[in-house]
Amino acid sequence: MEFEIKGIRYSAAKMSVFDQLKVSRKVLPVLAGMLGDFQALRESSQGGNVYSTVETVLPKIASAVAELSEEDTNAIIFPCLAVVSRRHGKDTWVPVFRDGVLAFDDIDLMSMLQIVGRVIGDSLGNFLPAS
């Protein structure tokens, strides 16, 4: 899967089935507690007040993420980043993450979370609620 964030092209391979299992074991319990919130967000995007719903849902998501241990957070983020490469030049792709370190200094928190979200959506899409 290829995608773009802030004008930069990324390519993500599917996670191995074992990494999918590890990540899903950490992500699904967090998401299960927010299924109603995701449904409300989806309904509001189809004609309701999206901003009001987002303001309601974001604190719940932030709280759920804040409650994750560092170990659980790394168990989600590291396997996701490990399958992502970034376009460098015309034909070269460089892994964004190696040995626990990001390869690019310009990947900020929001970009990193968007990358992780794309990988989760692509690799675990069959297990997650419809976005």
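Visitor: Which residues in α4 do D19, V23, K26 and V27 in α1 meet?
Guide: Happy to start there, keeping in mind that this is a predicted model. Contact here means heavy atoms within 4.5 Å. On that basis, the α1 residues D19, V23, K26 and V27 meet, in α4, D72, A75, I76, P79 and C80.

Visitor: By class, how many nonpolar, polar and charged residues has the contact of α1 with α4?
Guide: Asp and Lys count as charged, while Val, Ala, Ile, Pro and Cys count as nonpolar. Sorted by class, the contact of α1 with α4 has three charged, no polar and six nonpolar residues.

Visitor: Are α1 and α4 roughly parallel or oblique to each other?
Guide: The two axes come within 9 Å and cross at roughly 140 degrees. Roughly antiparallel would need an angle over 145 degrees. The crossing of α1 and α4 is left-handed, and the pair is therefore oblique.

Visitor: Let's turn to α5. Which elements do the buried residues of α5 pack against?
Guide: Helix α5 covers residues 109–123 and reaches 21 Å from first C-alpha to last, close to the expected 21 Å. Its buried residues are S111, M112, I115, V116, V119, I120 and S123. The buried residues of α5 pack against β1, β2, α1, α4, β3 and β6.

Visitor: And L113: does this residue count as buried or partly exposed, and why?
Guide: L113 is found in helix α5, and its C-alpha is separated by 9.7 Å from that of L81, 32 residues apart along the chain. Buried means under 20% relative accessible area, and exposed means over 50%. Because L113 has 41% relative accessibility, this residue counts as partly exposed.

Conventions: Residues numbered from 1 in each chain as written. Predicted model: local features only at pLDDT ≥ 70, side-chain atom pairs only at ≥ 80, totals over all residues. Heavy atoms only, no water. Helix = DSSP H or I, 4+ residues; strand = E, 2+ residues; numbered from the N terminus. Expected span 1.5 Å × (residues − 1). Buried < 20%, exposed > 50% of the residue type's maximum accessible area, 1.4 Å probe, protein only. Axes fitted to C-alpha atoms, helices over the stretch in contact; angles between N-to-C directions. Parallel < 35°, antiparallel > 145°, perpendicular 65-115°, else oblique. Left-handed = near helix turned anticlockwise from the far one by under 90°.
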